[in-house]
Amino acid sequence: MSIAKIGGIPVPYVYAIVIEREVIGDEERTAGGKLRRDVVAVKRTWRLQTRPMTKADATAITNHLDAIMYGTTTFELEGVSVLAYVDIDEEEIVQFGNPGWQRDGRQLTMTIREQ
């Protein structure tokens, strides 16, 4: 079972996830030196890395992103879904042995930014 989905398509073999948070707002110090902050939103960015997967699994993801011209799509992680932009930073062609011997496997590194 996959813990992540992009546009409803499972992302298999996710093994590393880095989550960053961007605070959308403004902050300044008052004349007295006290820090004041006005936050309107917090947006997340995920960086996913996969282990080797079949070419068919990787193609399903890349075809979906190509079809929507890398616009917004749903991103689901552990049951929580958001609208996001997905970029494939790296697609590596690898050989691996599960299931059977695969000479054209793929390993993906993706950046997902919450809309």
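The questions and answers below concern the core, an aromatic pair and a surface patch of a predicted model.

In this predicted model, local features need pLDDT of at least 70 and side-chain atom pairs count only at pLDDT 80 or more, while totals for chains, interfaces and linings use all residues. Residues are numbered from 1 along each chain as its sequence is written, and side-chain values use heavy atoms, leaving out hydrogens and water.

Reader: Which residues touch the most other members of the largest nonpolar core?
Author: A nonpolar core is a set of buried Ala, Val, Leu, Ile, Met, Phe, Trp, Tyr and Cys residues joined through side-chain atoms within 4.5 Å, where buried means under 20% relative accessible area, exposed over 50% and partly exposed in between (1.4 Å probe, protein chains only). Among the 19 residues of this core, those that touch the most other members are Ile6, Ile61, Phe75, Met110 and Ile112.

Reader: How is the aromatic pair of Trp46 and Phe75 arranged, stacked, edge-to-face or tilted?
Author: Rings of Phe, Tyr and Trp (its six-membered ring) pair if their centres lie within 6.5 Å, and planes under 30 degrees apart count as stacked, over 60 as edge-to-face and the rest as tilted. A search of the whole structure finds one such pair. With Trp46 and Phe75 lying 5.0 Å centre to centre and 50° between the planes, the pair is tilted.

Reader: Why does Ile17 count as partly exposed?
Author: Ile17 is one of the residues, with Ile3 and Ile19, that form a nonpolar patch on the surface. The reason for its class is its relative accessibility, which is 32%.

Notes. Patch = residues over 30% accessible without salt bridge, like charges linked within 9 Å, V, L, I, M, F, W, Y side chains within 5 Å. Areas by Shrake-Rupley, 256 points an atom, 1.4 Å probe, with all protein chains shown as cover. Salt bridge = Lys/Arg side-chain N within 4 Å of Asp/Glu carboxyl O.
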